Amino acid sequence: MSAAHTNDLDLMAPPVVKAIQKGALVIGLVFALISLVLAFFRPDEFFRGYLLAYMDWLGVTLGSMAILMIRHLTGGGWGMVIRRILGAAMRCLPLMAVLFVPILFGLPNLYVWARPLDSIADKHLREHLQGLTKSYLNVHGFVLRAVIYLAIWNLLSFLLTKWSKETDDRSTRDNTARFKAVSGPGLILYAFTISFAAIDWVMSIDPSWISTIYGLLILIGELLSAMCFAVLVERILVDYKPMSELLKPDFVHDHGKWMLTFTMVWAYFSFSQWLIIWAGNLPEEITWYMRRLNGGWGFVGLFLAIFQFAVPFVLLLSRPFKRDIRRLAWLAIWILFMRYFDLFWIIEPNFSKTLSLPVADIVVSIAIGSLWIAYFCRNLNSLPLLPAYDVFANEVLEPAHE
């Protein structure tokens, strides 16, 4: 009997996934064409929107890989039921590697250090960059490090995917030890690489400012995005078999607890960075916040504090709320929306002193997001929604067939 029909339960994704894939692909291609027009006529605006969209969807991809590795280390039915959802998102890394290429063409549009030093009007910044561009912030180093980051992430994805596919075969040996052997060092590698990638790709937009917790802020945001995305997908699938048979309130409750955990840690890191910098009151550090507290940007920061932390925190304290997949999914959608605005608040003030939402930020985000979703659906359709011959599959399958 095939893995896809273990215990007479078809474990393949329902047809709705294919329908979503087709719709997302059409939308993605249409908005990609509009994005190309913007790239030609408004290159500065286009590349800002492109970086924002790229970091947003990269977060879902890498966060899914990290949560998958956490599940391999800790076990539990909560992770088994969404394991293939997380894996499908993780396997979008080849797409993200390809989508990184346009950023290389926009380096002078995004980063002041990638421009000729003579073109920089600020004398102090020019002097600051003279040594920095020789030692770290230069185009060759930027490209080399990006290749290393993407290679490490894709290697981890390849190994986890290869061994996961083997669990669809009845004759395959137990791969638990392999998963753990990769996931432990993999989580450490992920933490280091995403921290340096955040410095290279986002923080270096303002090379005069540094924060030692910046990488962790990006990291925890990715974990939160990934868990919210998994909840959203399982909400769509729960109306169809096999997810309707596999997803139990206890698993949904666990996913809600993960959302609560990541929300609290995000708030802790955000407040810690603000408190330390504000208390230090150093001119080279507080400028980052001064730019985001004036010109209307302060309202975005307040909006994030209330609606990315306070409101989700209160809602997620409720046990009945966390066990209701429908209500939890609506909150997941909202948090995903807020994650985009968090990155918007981080990136956009570097280019605009007053609050504005460029058209490219919306158009390019829809283009990249739709193409990503189409590729995700393709990945989700390629494997059963549950690795039926994994040694831990009974944590999900047995309750479904009591």
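This is a predicted model: local features need pLDDT of at least 70, side-chain atom pairs count only at pLDDT 80 or more; totals for chains, interfaces and linings use all residues.
Local features were considered at pLDDT of at least 70 and side-chain atom pairs only at pLDDT 80 or more, whereas totals for chains, interfaces and linings use all residues. Residues are numbered from 1 along each chain as its sequence is written, and side-chain values use heavy atoms, without hydrogens or water.

Ser 195 is located in helix H10 (residues 176–201); helices are DSSP runs of H or I with at least four residues, numbered from the N terminus. With a relative accessible area of 18%, Ser 195 is buried (under 20% relative accessible area, 1.4 Å probe, protein chains only). A polar atom of the Ser 195 side chain lies 2.7 Å from the backbone oxygen of Ala 191. Beyond neighbours within four places in sequence, Ser 195 is in contact (heavy atoms within 4.5 Å) with Gly 215 and Leu 216.

Ser 211 occupies the loop between H10 and helix H11 (214–237) and is likewise buried, at 14% relative accessibility. Not counting residues up to four places away in sequence, Ser 211 touches Met 203 and Gln 273.

The axes of helix H2 (residues 43–74) and helix H17 (residues 325–347), which are lines fitted to C-alpha atoms over the stretch in contact, come within 10 Å and cross at roughly 135 degrees, the angle being taken between N-to-C directions on a scale from 0 to 180 degrees. The contact involves Leu 51, Leu 52, Met 55 and Asp 56 of H2 and Tyr 340, Leu 343, Phe 344 and Ile 347 of H17.

Definitions and conventions: Helices (H or I, at least four residues) and strands (E, at least two) are DSSP runs, numbered from the N terminus. Buried means under 20% relative accessible area, exposed over 50%, partly exposed in between (1.4 Å probe, protein chains only). A polar contact is a pair of N or O atoms within 3.5 Å; within protein, one must be able to donate a hydrogen and the other to accept it, and residues adjacent in sequence count only if both atoms are side-chain atoms.
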